[in-house]
Structures are given as C-alpha cells and as structure tokens.
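Here is a short report on one protein model. Please look over the sequence and the structure first.

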Amino acid sequence: MFLFREPCRLGAFNPEIDMIKPPTILTRRSVFRAGVGLAVVATAMPVLTPASARAEGASQAGAEPLNGDGFYRFKIGDFQATVVSDGYGQIPIRPILAMNVSEAELAPVLKANFMQPVIEITNNILVVDTGRERILVDSGFGEKLGPSFGSFPGVEANLRRAGIAPESIDLVVTSHGHLDHIGGFVTKSGALTFPEAQFVFVDTEWNYWTGSRYESEINSSPMPDPFKKGTIRAARDSLPPVANRSRFVKQGGEITTGVHYVAAPGHSPSHAALLFTSGKEQFMHMGDIAHNPVTSLQHPEWTPIFDYDPAQAIKSRKAILDRVATDGIMVMGYHFPFPAIGHVVRRDTAYHWEAAQWIW
C-alpha cells in the first residue's frame, strides 16, 4: 500500500502532492500492465507437525480472554481466528484508490461518507487455527518500509501480544505477490520470520513474480521510481528464501482441509481470495479484491492505481461481492479499518459495508 508521511526534501518526489495528481496516462490496461499492485510506497503437510511447531510460550490463540492492543479474535465455526494488525499509514483516496474518478465525482461521495481526501489505511493479517494447523494469511510489509511511510511493521509484536509466536505458524498462505503481502517473509538480516512454516502460493502467481516479465513491466509503468523499486526488491528479497519450503496450488484449488483459493484475478495476474469452511460457517478473506468499504463497495467500478488489469479486477470484484452478499458470508478486507471483518450488503446497484460488532 502506498503510505505517505514524511515530507520530502525540496526537489524530491513528494507523494502527498504528486500522487494526488491524476496519472498522465489513464488508459487502464496500458497504465497497469506493470503489475505494480501494492508496490509501495515502494505443502500438503507442514514442515513440522503442529505440535512440534509450537514454540515455548506460544499458547493457543483462543486462550487469552481479551481482544485489543493490535489483535482481535473471532470464530469461524470450530476454527479460532485472529486478526492481527500490521500497522497503519496515510493514503490519498484519489488517485490511489480511485484513479478513474474526477474530483467533482469524488467530492459528494466523501461528504456523504464523512471521509477526508486523505485517509488512514491498515494492513490486517489473518491467523486461523483449524485444530490441525495454524495458518497465517499474508505477511504484511515486514521491515522494508521504515518510519517514513507510516506505523509499520506491527505484525510480529501484535502476534506475540495475541499469544502467537512466529515459530508456531505452520502455513503461510499468500493471496498475491505484492510488497505488503510478501514483505514480511524475511527479516532485514535475511532470516525467515516464520521459520517452521511452509509457504503456499497460487502456482501461476508464483511463476509471474519469479519469472522474467514482472521487472520490465514494472519499470515501463508510469509509477514513481520508489514504488517500482520497492515491488521489485520485495520479489527479489522475499521469494527466493522460501522457494525450497513452498508448495503451489492451482487457482481455485484446496490449500488444506477447509481452506480453498477463490480465483479473483486482475489486481495481480493470479490474485486470489481465500474461503474458510468449518461446519456450516464460511468466511472469505477477500485479499485485495476491495481496498476500502466506500470506494470498493459503493463504487466497484472505481479503479485503484495498483490493479494490474483494471477491467479484469472490476469483473472479479463484482463477482466476489455478489457472491458474499448473496450468500451472507462474513468477509475480511485486508486494508479495511481494523479489525476489518463484517458483511457486504447489496444496496441498489452496488454494496454497503456492515462492520462486525466488536466483542470483548
């Protein structure tokens, strides 16, 4: 996610000014062949059995009675789930979350929803204990941003507050290969953040970010150079260290019992949502199919600046939103306000967000 806080020196790129300017090229496909996505402001079985993977002092995620201080627990049927905050930072709505919208179109929407042109945005990491495995979905920015781009990273500290040691993670499941989703795989020193985990990817998404195309596509995009470099660096730094402990699943395939990928391409070449099923309950981790409850749900045709193929992303967004609204499935939005869980409700020709009631 593009996060802007620290003023730039005179003559340097200033995101708070420059990124609010409309892109010079607004042709959707030509602008975003780059796959820059969240380039920033920039295994059938686990390697160890779940029991042996638990580090000393790592309790079951449901053992602590209270929510808060960077984490939030809830249930998916018999699964124990925890949302863990990776932090937050500021981002301009236009053009970052709505590049194909004029100021005149955006202004009444912001007013109706009591929103400012620059909002606080979050990364929300999901941990699910199935009783067999402890699964972490995406990893946040890791240590690749620093204080200039917001209050990141927070995932490791907040995991520990929730009683979840990084060594206790059995599976790290990735929705897609953008910086704020894979940046936390390794530390600055190159050590694995989740040393006992197996890593899971959609096979074609892995192939893209480890192949020869992505770098030239990013470099030929109109994104500012710092963002291009951040995305390229994340793929180079984060993926090779986990290659020999990764497994690859077909788009839409089963990851493990009760957990499936759901095809949602467009934001990245093979972006995927995740569906968790336990008993009669279902829960959808939407990944980056939707970035904000207002811009993405009330106006699913609005295009965020990071979509690889905006036309396909809009199609995927509408399909996922229709599915979860029709079936009443609780969902999570990776960048929605913490704890980022709730329901999508159909309203006229679009949708509305009903956040889950906070439960202590």
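## Basis

This is a predicted model, in which local features need pLDDT of at least 70 and side-chain atom pairs count only at pLDDT 80 or more, while totals for chains, interfaces and linings use all residues. Residues are numbered from 1 along each chain as its sequence is written, and side-chain values use heavy atoms, with hydrogens and water left out.

## Overall make-up

The protein has twelve helices and 14 strands. Both are DSSP runs, numbered from the N terminus: helices are H or I with at least four residues, strands are E with at least two.

Of its 360 residues, 59% count as buried. Buried means under 20% relative accessible area, exposed means over 50%, and partly exposed lies in between (1.4 Å probe, protein chains only). The accessible surface is about 14,400 Å². Carbon and sulfur atoms hold 54% of that surface. The areas come from the Shrake-Rupley method with a 1.4 Å probe.

## Leu159

Leu159 sits in helix 6, residues 155–161. Its relative accessible area is 1%, so Leu159 is buried.

Leu159 touches Val84, Val127, Leu136, Ile164 and Phe194, leaving aside residues up to four places away in sequence. Contact here means heavy atoms within 4.5 Å. Ile125 is 34 residues from Leu159 in sequence, and their C-alpha atoms are 9.4 Å apart.

## Asp288

Asp288 lies in the loop between strand 11 (281–285) and helix 11 (293–298). Which side chain of opposite charge is nearest to Asp288? It is Arg317, 9.6 Å away. Asp288 is buried yet has no salt bridge. A salt bridge needs a side-chain nitrogen of Lys or Arg within 4 Å of a carboxyl oxygen of Asp or Glu. In the charge count, Lys and Arg are positive, Asp and Glu negative; His and the chain ends are not counted.

The side chains of Asp288 and His267 are joined by a polar contact of 3.1 Å. Such a contact is a pair of N or O atoms within 3.5 Å; within protein, one must be able to donate a hydrogen and the other to accept it, and residues adjacent in sequence count only if both atoms are side-chain atoms.

## Aromatic rings

The structure holds 13 aromatic pairs. Rings of Phe, Tyr and Trp (its six-membered ring) pair if their centres lie within 6.5 Å; planes under 30 degrees apart are stacked, over 60 edge-to-face, and the rest tilted. Tyr72 and Trp358 are a tilted pair, because their ring centres are 4.5 Å apart and their planes meet at 50°. The pair links distant parts of the chain, 286 residues apart: Tyr72 in strand 1 (residues 71–76) and Trp358 in the segment after strand 14 (350–355).

Tyr72 is buried at 3% relative accessible area, whereas Trp358 is partly exposed at 34%. Phe185, Phe199, Phe201, Trp206 and Phe248 form one aromatic cluster.
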